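Open your viewer and get a cartoon view ready. We will go from the whole chain to single side chains, one selection at a time.

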Amino acid sequence: NLCFHEGFFTVLNTIWPDSFDPTTWKMILSFLGFELILQRFLPGREFKASITPKGNVPVYKANGMQAYFVTIVTLLTLSHFDIIQPSL
């Protein structure tokens, strides 16, 4: 409703932090690094995707659900001990 009354970009500008804010970039890069570590080190079954048009067969570790659950538990734990504030 607010978007219809005040306009989408006005609302977005109000709730979205400045794209050059160092705190924002620290949060984004921390999350990115954490997820990369999870994808690399969590166990998972080897999965071969379909053949690409150039004949390559991408192989990756199917550990997305494990990474999701570890992320949620980590978020709840860090929030419980007031290390992070998820509402930022």
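A word to have at hand: buried means under 20% relative accessible area, exposed means over 50%, and partly exposed is in between, with a 1.4 Å probe and protein chains only as cover. This is a predicted model, in which local features need pLDDT of at least 70 and side-chain atom pairs count only at pLDDT 80 or more, while totals for chains, interfaces and linings use all residues. Residues are numbered from 1 along each chain as its sequence is written, and side-chain values use heavy atoms, with hydrogens and water left out.

**Whole chain.** Start with the cartoon: the chain has four helices and two strands, in the order α-α-α-β-β-α from the N terminus. Here helices (H or I, at least four residues) and strands (E, at least two) are DSSP runs, numbered from the N terminus. The radius of gyration is 19 Å, well over the 12 Å that the globule rule gives for 88 residues, so the chain is more spread out than a compact globule. That radius is taken over C-alpha atoms, and the rule is 2.2 Å times the number of residues to the power 0.38. The C-alpha trace spans about 50 × 40 × 25 Å along its principal axes. Buried residues make up 9% of the 88.

**Select leucine 2.** You will find leucine 2 in helix 1 (residues 2–6). Leucine 2 is partly exposed, because its relative accessibility is 47%. Beyond its neighbours within four places in sequence, leucine 2 is in contact with Gly7 and Val11, where contact means heavy atoms within 4.5 Å.

**Select threonine 71.** Now go to helix 4 (residues 64–80), which holds threonine 71. Is threonine 71 buried or exposed? With a relative accessible area of 17%, threonine 71 is buried. Not counting residues up to four places away in sequence, threonine 71 touches Phe31, Phe34, Glu35 and Leu38.

**Select the aromatic rings.** The whole structure has three aromatic pairs. Rings of Phe, Tyr and Trp (its six-membered ring) pair if their centres lie within 6.5 Å; planes under 30 degrees apart count as stacked, over 60 as edge-to-face and the rest as tilted. Phenylalanine 47 and tyrosine 60 have ring centres 5.2 Å apart and planes at 55°, so this pair is tilted. The pair links phenylalanine 47 in strand 1 (residues 45–48) with tyrosine 60 in strand 2 (residues 59–62), 13 residues apart. Phenylalanine 47 is partly exposed at 30% relative accessible area, and tyrosine 60 is partly exposed at 44%.
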